[in-house]
Amino acid sequence: MTHPILEARNLTKIYGQNVIFKDITLEVKEGETIVIIGPSGTGKSTLLRCINLLTPNDGGQVFLDGKEITARGYDQDEVRQHIGMVFQNFLLFNHLTAFDNVMIGLTKVRKMAKDRAREKAMEELNRVGLADRADHYPGQLSGGQQQRVAIARALAMDPRVMLFDEPTSALDPELIGEVLGVMEKLARDRMTMLVVTHEMGFAREVADRIVFMEKGSIVEEGSPDDLFYHPKYERTREFLWKITELYGKKEKGKAAAP
Amino acid sequence: MSNLFNYIVQGTAITIGVTLVALPFGLILGLLMALVHTYGGKIFNRIAAAYSLLLRGVPPIVLLFILYFILSGSINLSPFWAGSISLGIVSSAYQMEILRGALLAVGGGQMTAARAVGMSRLQAIQFIILPQALRLAIPPWSNEASIVLKDSSLVYALGVPEILRRAQQLSATTQQPFLAYGAAAVIYFVLVFAVNRGLDYLSERTKLPTHS
């Protein structure tokens with residue numbers, strides 16, 4: 001439980017003159033669900049992309065299971081197999097059915113035998129409750145269903161850790177629940193997860209730790225109770241209160257008043 | 001009379017032959033250039049852009065002569081092969097632009113998602129980007145296919161006995177230009193019509209299903 005699966009050390013990203021984030025140090029332990037919150041434009045999404053090496057960093061290191069994956073010459077394609085990623089806009093492969101979306105990584109990347117891959121793909125679709133939509137194309141699925149397929153696609157690779165980049169931000173309100181439901185189930189099954197979201201209900205009930213980021217730095221991190229009820233910084237309290245009012249009216253009464 | 005008409009029809013096989021060499025040749029070269037332009041980094045991007053600009057900035061017939069004399073002079077190709085390959089090179093620049101547009105239309109997100117699953121860039125292009133881009137490219141490519149079919153008449157200037165060449169000979173021997181060229185026109189029209197219909201069908205068949 002205490003062994004860190006993922007570790008970012010002094011991670012820094014700069015675009016031209018713009019410092020996106022600086023000296024971010026973060027540890028994700030096995031089975032932990034960490035939620036990153038913060039105003040838009042504070043580099044949360046870029047942080048996730050730097051962690052699974054989709055975007056090159058400008059300083060610092062990332063460790064997966066104790067090995068530095070940002071080291072020179074490390075096989076980046078191989079690393080990404082072990083870090084699942086779910087995107088805000090789903091990004092399913094449009095020319096493939098839900099089933100083939102989940103299966104293609106198994107056959108082409110993991111070189112799994114067809115029979116075994118089929119079985120596994122079906123298992124993963126079942127896990128997100130979409131076995132009956134296996135032969136549907138992304139264009140035939142609702143946003144919520146597409147995102148669940150995207151989660152299944154990432155899970156199929158048996159990742160050590162799952163990254164979620166605002167997985168519900170592009171969804172109609174009535175579709176958010178089904179995606180959060182799948183994520184909650186994953187958290188209960190002790191999947192290691194790093195989640196960027198504005199869903200405060202999810203953060204409070206599911207997260208083991210909440211990290212509050214602003215202007216490219218981590219302002220504060222701690223258990224949901226600590227951040228919601230005893231934040232160290234006024235800014236944390238202010239942000240949480242605002243976002244809770246915006247996104248979850250029902251939570252309003254419970255949040256610490258400013 | 002029917003003998004004369006037969007003479008032109010025999011040229012049709014050669015016209016089709018020229019097109020069947022030029023189109024795939026242009027497709028492969030154009031696809032390579034489009035990929036290099038889109039994913040090849042700065043230097044290759046420049047080279048591909050210059051290639052496209054140059055070839056599309058000069059009339060096909062002029063290029064045909066230049067390429068023909070280079071090809072037939074250096075590796076001693078027959079007029080048929082030299083002409084067909086030259087036509088393919090000219091077409092590659094236009095096909096490159098069609099495919100480049102299609103690659104851009106697929107979007108960077110698909111590449112990101114493919115890389116996130118652990119695919120290499122090459123795998124992502126092969127399994128994710130190209131299957132989608134080629135689908136998108138069919139309608140504009142259909143247009144280019146009919147242009148190449150019609151431009152195959154240009155190899156007549158190199159002495160290849162295709163439809164137009166034969167029509168011209170007939171016109172001279174029979175003194176009936178309207179009949180000779182009219183017959184050529186009808187054959188071209190039927191061929192272009194068939195190609196466009198065929199590709200429309202292919203486009204319909206490969207369309208991805210959506211809600212409605």
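Helix 1 (residues 44-51) of chain A lies across strand 3, strand 6, strand 7 (161-165), strand 8 and strand 9 of chain A, and runs at about 150° to strand 7 of chain A; axes are lines fitted to C-alpha atoms, for helices over the stretch in contact, with angles from 0 to 180 degrees between N-to-C directions. This is a predicted model, in which local features need pLDDT of at least 70 and side-chain atom pairs count only at pLDDT 80 or more, while totals for chains, interfaces and linings use all residues. Residues are numbered from 1 along each chain as its sequence is written, chains are lettered from A and ligands numbered from 1 in the order in which they are written, and side-chain values use heavy atoms, without hydrogens and water.

- The open sheet has six strands in the order 6-7-8-3-9-10 (chain A), with mixed pairing, where two strands pair if DSSP finds at least two bridges between them.
- The twist averages 20° from one strand to the next.

**Strand 3 and its partners**
- Four bridges join strand 3 of chain A to the parallel strand 8 (residues 193-196) of chain A, with Ile36(A) opposite Val196(A).
- Strand 3 of chain A also pairs in the parallel sense, over four bridges, with strand 9 (residues 209-214) of chain A, where Ile37(A) stands opposite Phe212(A).

**Burial of strand 3**
- Thr33(A), Val35(A) and Ile37(A) on one side and Ile34(A) and Ile36(A) on the other are all buried, meaning under 20% relative accessible area with a 1.4 Å probe and protein chains only.

Methods
Buried means under 20% relative accessible area, exposed over 50%, partly exposed in between (1.4 Å probe, protein chains only). Helices (H or I, at least four residues) and strands (E, at least two) are DSSP runs, numbered from the N terminus. Contact means heavy atoms within 4.5 Å.
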